[in-house]
Amino acid sequence: MTDAAFSALASLADPSLLMMLAVGVVAGLVIGLIPGLGGTGAVAILLPITFGMDPEPALAMLIGALAVVHTSDTVAAVLLGAPGSASASVTMLDGYSMARQGQAKRALSLAFLSSMAGGLIGAVGLTLAIPLARPLVLSFGSPELFMLTILGVSLAAVLSRGNVVKGLTAGLLGLLLGLVGTSPTTAEERFSFGSLFLSDGISLVAVALGVFGLAEIASRVGQRRVTEKPVELSGGWGSGIREWITHWTHVIRGALIGIWAGVLPGVGATAGTWLAYGQAVATAKDKRKFGKGDPRGIVGPESANNSVEAGDLIPTFLFGIPGGVPSAMLLGMLLTYGIQPGPAIVTDHLDLMYLIVWAFAIASVAGAFLCFLATGSLAKLTKVPFAVLGPGLLVVMLLGAFQEGGQLGDLWVMVALGVVGFFLKATGMPRAPFLIGFVLAIPMERYYYLTASLYDGASWVTRPGVLVFAALLVVPVLWALLKRLRRAAGAVDDGHRDEHESDEGDEGDLDDLEGSLARTPWSLAVAVIALLVFAGALWVSGSFSAEASLMPRLVALGGLVAAGVLTWQELRARRRGAQRDEGGDVEEPSGASGTTMVATRVAPKVDARALARRHDLIIALRTFAAMAAFLVLVMLGGYLAATLVFTPLFLLYAARTRPRTAIIYTLVLGAVLLALPSLLPVDLPLGLLQ
């Protein structure tokens with residue numbers, strides 16, 4: 001193992017690997033500043049560039065971006081009070097307060113150094129996990145690997161924030177989408193409906209960029225201006241560096257919490273940073289300064305922010321269980337290279353594992369160093385409204401999806417999945433299980449086929465490893481059910497508690513699309529559509545052969561149960577809401593001025609929520625219509641011509657920019673597209689008129 005580790009370090013002396021690592025670091029720092037993208041956007045945007053590369057430079061670039069994306073997202077959180085990602089919102093509590101007190105450099109230096117330390121500790125954790133887990137991984141057979149794929153989808157669904165049934169439904173929808181194409185066991189086409197395009201399966205890049213990237217653009221493009229006035233970049237770097245050394249215990253504890261949060265599928269950076277912040281508060285003797293500029297509220301969450309990505313790689317590469325969306329895409333990339341996670345990667349590709357470790361550590365140091373140097377320039381990017389960034393991101397994402405298969409059909413699929421991702425996000429259905437299910441669909445079916453071929457009947461179920469994984473699968477489900485029963489018991493004891501909880505979910509931030517359409521006719525429609533999709537899949541799978549139909553039938557049956565329960569929950573929620581409305585109208589006394597005053601106070605909130613939802617839907621509809629129009633232009637005149645026409649129109653009418661800005665923006669974007677084919681292995685789609 002030592003030889004493999006030093007061999008991987010020596011390979012990083014190759015200028016091409018170092019260049020790819022540097023490209024990844026710079027791209028990760030820039031993407032981290034853009035709200036809503038984070039590690040998912042960084043990996044998804046860079047993934048198409050890796051096509052045609054060897055695994056080593058491809059992984060160096062992607063790991064470089066993933067290691068630093070949470071380092072730069074702090075800049076907007078501290079200077080604007082508008083975090084670049086959800087996990088950076090924890091840092092905003094104390095970082096923005098410290099910046100408003102004239103100590104922005106102090107807050108940023110604490111954050112940058114903590115992120116660097118978290119990345120280094122995460123790399124150490126990944127290094128230690130390889131020799132510790134190697135004997136266990138080598139003992140796995142096809143039954144254990146099959147159970148691991150089930151565990152990956154299920155834990156991502158169960159541990160995701162929100163309704164467990166929604167998570168399971170999303171995960172099963174992803175599994176079903178992953179089964180589209182040729183069966184790995186019988187070479188039979190499934191769910192292709194006679195289309196040669198669908199017979200090759202759905203592109204991973206199109207799914208990831210559609211469900212996350214385009215959905216994010218559609219939900220944020222209505223933000224035409226930055227609401228917060230940025231604070232001045234004042235204070236001293238040195239004071240923050242000296243203070244950071246005194247809080248080394250919080251750095252280590254936060255990093256360890258981040259690694260643990262990364263190992264657990266579906267937990268992710270947001271939960272890890274909040275856990276780190278919680279332990280910092282719980283262990284502090286003086287808690288009065290938290291939220292008002294306490295340095296301990298910065299160093300703990302920031303160290304967890306970066307270490308969680310390293311922890312995420314442990315189950316991904318060693319067990320084939322992606323803990324989050326970026327690692328799911330990395331796993332999909334490895335599968336395209338023929339590199340199987342688990343026993344194969346620790347025997348045949350051990351040097352690749354250590355290359356990942358070294359790349360993560362070096363990128364963490366380089367990212368923090370560059371942030372110190374370029375914070376002034378990075379801060380300027382945070383002032384750009386998302387509506388202005390939208391067309392450039394759209395052009396880059398669609399071009400990236402085209403590179404994998406070279407077909408315009410991938411772009412249409414990507415836009416369609418963008419609509420799906422928008423409604424999943426708006427109705428509160430977690431999207432991580434959807435992508436994880438998509439990535440694990442084919443490995444799950446392949447491992448099950450091998451298990452059924454090698455073992456008689458269900459004898460494999462009694463293997464110790466299978467029983468352990470089954471227990472790991474059942475325990476979180478039972479825990480979730482127990483918590484639900486406790487909440488139900490509390491609702492019985494206090495008749496008003498359920499009402500208050502329901503209202504609290506509705507009275508969130510009107511500017512945040514996440515879950516804004518929950519418990520509305522739209523969320524009911526999504527549940528019913530999912531039910532119909534699973535029912536249709538079950539009916540269509542009846543025409544497949546026995547072997548090819550086994551996995552689709554199992555997924556469809558599980559999806560019918562999950563979507564049926566979800567539909568019942570939505571109907572029950574609507575019925576309870578209708579009963580509350582009727583009860584409020586009937587029971588209001590004519591002389592109760594207090595009740596009337598409460599009603600008048602509640603009505604504007606209800607109207608504001610309804611208006612916000614309507615605004616979100618209109619903006620999303622217009623954005624997706626603009627995306628479709630762009631694709632039509634691409635089909636007619638090619639990618640470059642479509643970009644030169646679409647970009648200024650979008651900037652002028654959607655972002656409401658000045659004509660001069662629109663012209664300069666378009667010319668720069670066009671010049672980049674012209675230069676890309678000569679710099680990178682990138683092809684521009686051609687149109688019918690070319």
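Modeller: Let us begin with burial: a residue is buried under 20% relative accessible area, exposed over 50%, and partly exposed in between, with a 1.4 Å probe and protein chains only. By that rule, 53% of the 690 residues of the chain count as buried. The model is a predicted one, in which local features need pLDDT of at least 70 and side-chain atom pairs count only at pLDDT 80 or more, while totals for chains, interfaces and linings use all residues. Residues are numbered from 1 along each chain as its sequence is written, and side-chain values use heavy atoms, with hydrogens and water left out.

Colleague: How many helices and strands are there in the chain?

Modeller: The chain has 27 helices and two strands. Both are DSSP runs numbered from the N terminus: helices are H or I with at least four residues, strands are E with at least two.

Colleague: How do you know what span to expect for helix α19?

Modeller: The expected span is 1.5 Å times one less than the number of residues. Helix α19 (residues 408–426) has 19 residues and should therefore span 27 Å; its end C-alpha atoms lie 28 Å apart, which agrees. Among the buried residues of α19 are Leu411, Val415, Gly418 and Phe422. In general, an α-helix has 3.6 residues a turn, so residues three or four places apart point the same way. After α19 comes Gly428, with a positive phi near 85 degrees.

Colleague: What makes Phe146 buried or exposed? And what is the class of Tyr448?

Modeller: Phe146 has 7% relative accessibility and therefore counts as buried. Tyr448 has a relative accessible area of 22%, so Tyr448 is partly exposed.

Modeller: Phe630 and Phe646 are another tilted aromatic pair, with 5.0 Å centre to centre and 50 degrees between the planes. Phe630 lies in helix α25 and Phe646 in helix α26 (residues 639–653), so this pair ties together parts 16 residues apart in sequence. Both Phe630 and Phe646 are buried. Ring pairs also link Phe422, Phe423, Trp522 and Phe624 into a cluster.

Colleague: With which residues is Arg446 in contact, leaving aside its neighbours within four places in sequence?

Modeller: Contact means heavy atoms within 4.5 Å. With those neighbours set aside, Arg446 is in contact with Pro184 and Gln340. Arg446 is found in helix α20, and its relative accessible area of 33% is the reason why Arg446 is partly exposed. The C-alpha atoms of Arg446 and Phe146, 300 residues apart along the chain, are separated by 8.2 Å. Of the contacts in the chain with a separation of 6 or more, 81% are between residues 24 or more positions apart.

Colleague: What are the phi values of Ala187 and Phe191?

Modeller: Ala187 has a positive phi near 60 degrees and is not a glycine. Ala187 is in the loop between β1 (181–182) and β2 (189–190), and with a relative accessible area of 60% Ala187 is exposed. Phe191, also not a glycine, has a positive phi of about 55 degrees. Phe191 lies in the loop between β2 and α9 (196–199), and at 10% relative accessibility Phe191 counts as buried.

Methods
Rings of Phe, Tyr and Trp (its six-membered ring) pair if their centres lie within 6.5 Å; planes under 30 degrees apart count as stacked, over 60 as edge-to-face and the rest as tilted.
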